[in-house]
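Me: I would like to go through the pockets of this model and then one of its sheets. Could we start with the elements around the main pocket?

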Amino acid sequence: MPYETLLVDQADGVGLVTLNRPEALNAINTALIDELNQVLDAFERDANIGCVLITGSAKAFAAGADVKEMAELCFPGTYLDDFLGRWDRVAERRKPIIAAVAGHALGGGFELALMCDFIIAADNARFGLPEVKLGVIPGSGGTQRLTRLAGRAKAMEMILTGRSMDAAEAERCGVVARVVPLPELLDAAMQSARQIAAQSRTAVLLLKECVNRVDEGSLGEGLRFERRLFQAVFATPDQKEGMGAFIEKRKPVFGKQ
Ligand code: CAA
């Protein structure tokens, strides 16, 4: 099915979504977030998909929420319509999502990347939350997620000044998993996505739940949660297959459920 704002493809268990509003540096408007949610819904339901990859163009992952669409909005309309509320669904997905970021990832574009499970960045990527320069504040989790990843000092400085950081700084402060040369970005991200898609589906989803638990409670509670899921994984055929294959010195073949 053709989309107005996205290109969608799938191969080797990976669902690939390319943000495609080149005329606006992939600024995220309502149509784009709605289409993205539709595609992610379909990937969640599709047993052939084990990992999702979201990317943009070489010039921009996404240069923010669409300022032209937002400029005339007023309160309480934003509140009554729960403006940006539908963005949260990206972070609520159970299957892993990788962001492959080149060029600008600003404002809502950076926030979209931060909602993904990890970011692989091209060496030309730039990350920032410049909302303060527009007289507003980030609205899709930027103040919370950047602070958790990069720490309070870096997040405060970036958010209060609106300055952006390059890929090397983003890697140093833990915002991106790794940086690769721009021409290698898609291959490198696809390779990670394929690796994830080939693992036990159950183990991958349990792992994502465990790591996400870090943000929700105390260390003790998180450790107990992880231990219970670890014990439960012994009820899955994938555990028998994975450990059996290791002992028999062969490659495991995992199911898709
Ligand atoms: N919304 C709407 N249109 C945008 C846009 C955005 N966020 N970012 C870029 N565009 C449009 C430009 O208006 C321009 O369109 P026209 O050709 O019709 O004028 C086109 O994309 C190309 O942009 P530029 O000519 O500005 O390109 P550049 O290379 O000179 O500059 C840039 C690139 C530095 C990223 C600059 O476009 C820019 O500063 N963009 C806005 C970044 C921003 O403020 N993002 C935060 C938005 S607020 C937000 O995201 C709220 C939230 O928390 C969810």
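Reply: Helix H4 (108-115), strand E7 (118-122), helix H5 (142-150) and helix H9 (201-213) each contribute at least two residues to the lining of the largest pocket. Helices (H or I, at least four residues) and strands (E, at least two) are DSSP runs, numbered from the N terminus. The model is a predicted one: local features need pLDDT of at least 70, side-chain atom pairs count only at pLDDT 80 or more, and totals for chains, interfaces and linings use all residues. Residues are numbered from 1 along each chain as its sequence is written, and side-chain values use heavy atoms, with hydrogens and water left out.

Me: Which element gives the most to that lining?
Reply: H9 does, with nine residues.

Me: What is the volume of the largest pocket?
Reply: The volume is about 1,200 Å³. A pocket is an open set of points on a 1 Å grid over the protein atoms alone, where a 1.4 Å probe fits, with protein on both sides within 12 Å along at least five of seven lines; lining residues have an atom within 4 Å of a point. Grid points are joined across faces, edges and corners, and the volume is the space filled by probe spheres set on them.

Me: Which residues are closest to its centre?
Reply: Of the 38 lining residues, these are Cys116, Asp117, Val211, Asn212 and Asp215.

Me: Where does the largest pocket lie relative to the domains?
Reply: It lies between domain 1 (6-197) and domain 2 (201-248), because both give residues to its lining. The domain bounds come from an automatic or database domain assignment.

Me: And the second largest pocket, how much space is in it?
Reply: About 640 Å³. Of its 33 lining residues, Ala65, Val67, Met70, Leu134 and Val136 are the closest to the centre. Helix H2 (67-70) and H4 each give two or more residues to this lining, and the largest share, three residues, is from H2.

Me: Changing topic, what is the strand order in the open sheet?
Reply: The four strands run in the order E4-E6-E8-E9, with mixed pairing. Strands E4 (60-62) and E9 (164-166) are the edges, each pairing on one side only. Two strands pair if DSSP finds at least two bridges between them.

Me: How many bridges join E8 and E9?
Reply: Three, in the antiparallel sense, with E8 covering residues 126-128. Arg126 has Asp166 in E9 as its bridge partner.
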